[in-house]
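Colleague: I have a model open and would like to learn how to read it. Can we go feature by feature?

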Amino acid sequence: MVVLNRIYTRSGDGGETALSDGSRVAKHDRRVACYGDVDELNAALGLCALHAAGGMAGRIAVIQNDLFDLGADLSRPGIAADAEAPTPVLRMIAPQVTRLESEIDAMNADLDPLRSFVLPGGTALAAHLHLARTVARRAERAATALSAATGDVNPAALRYLNRLSDWLFVAARHANLGRGGDVLWQPGASREGGD
């Protein structure tokens, strides 16, 4: 259990922060930026939750918890040393990815095949899910860059981020189901005359 009885510590006033293994790095370190993007994604999902109900609200809550797991995973370097850690290390695992895939398949079964690109919009929930999807893609880019630079990122974390952006896209489409449907791209719709 986490106990936070003091919010400010002043330990980061010089521009450094502690990773979960206790090592200190610059606040602009690639690893810190990566789990910062995941934190922003979680906040975006909090906005989605304001507009969700029933099963969708429950699924979003589970994903928000997953994102805390993901942040913990990304904040701890040294995957190769996990086996020697004095206590079990919290890492993303394959069943978290599999759960997203199952939920994608279930939501997608209700949807017509796409015949055009989708514009972000429709219902308030769909618009917020599309925004969260773009943050998820940024977090994924940061995680793959961290992996390329260090070779020290959990492959399950990368798979989770990739699948989550897919989940958010399908969930946004599902949120528009029966409420006017997808907002479709109309190529060249705003062009005048044409020369």
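Colleague: Take Gln-96. Is Gln-96 buried or exposed?

Modeller: This is a predicted model, so keep that in mind throughout. Under 20% relative accessible area counts as buried. Gln-96 has 9%, so Gln-96 is buried.

Colleague: Where is Gln-96 placed, and which residues does Gln-96 touch?

Modeller: Gln-96 sits in helix H3, residues 94-108. Leave out residues up to four places away in sequence, and Gln-96 touches Asp-66, Asp-69, Arg-91 and Tyr-160.

Colleague: Now helix pairs. How are two packed helices described?

Modeller: By the angle between their axes and the distance between the axes. Take H1, residues 30-51, and H4, residues 124-150. Their axes come within 9 Å and cross at roughly 165°. That makes H1 roughly antiparallel to H4.

Colleague: Which hand does the crossing of H1 and H4 have, and which residue classes make up the contact?

Modeller: The crossing is left-handed. The contact of H1 with H4 has 19 nonpolar residues, five charged and three polar.

Colleague: Step back to the protein chain. In what order do the elements run from the N terminus?

Modeller: The order is β-β-α-α-α-α-α. That is two strands and five helices.

Colleague: What share of the contacts with a separation of 6 or more joins residues 24 or more positions apart?

Modeller: The share is 72%.

Methods. Residues numbered from 1 in each chain as written. Predicted model: local features only at pLDDT ≥ 70, side-chain atom pairs only at ≥ 80, totals over all residues. Heavy atoms only, no water. Axes fitted to C-alpha atoms, helices over the stretch in contact; angles between N-to-C directions. Helix = DSSP H or I, 4+ residues; strand = E, 2+ residues; numbered from the N terminus. Parallel < 35°, antiparallel > 145°, perpendicular 65-115°, else oblique. Left-handed = near helix turned anticlockwise from the far one by under 90°. Nonpolar A, V, L, I, M, F, W, Y, C, P; charged D, E, K, R; others polar. Buried < 20%, exposed > 50% of the residue type's maximum accessible area, 1.4 Å probe, protein only. Contact = heavy atoms within 4.5 Å.
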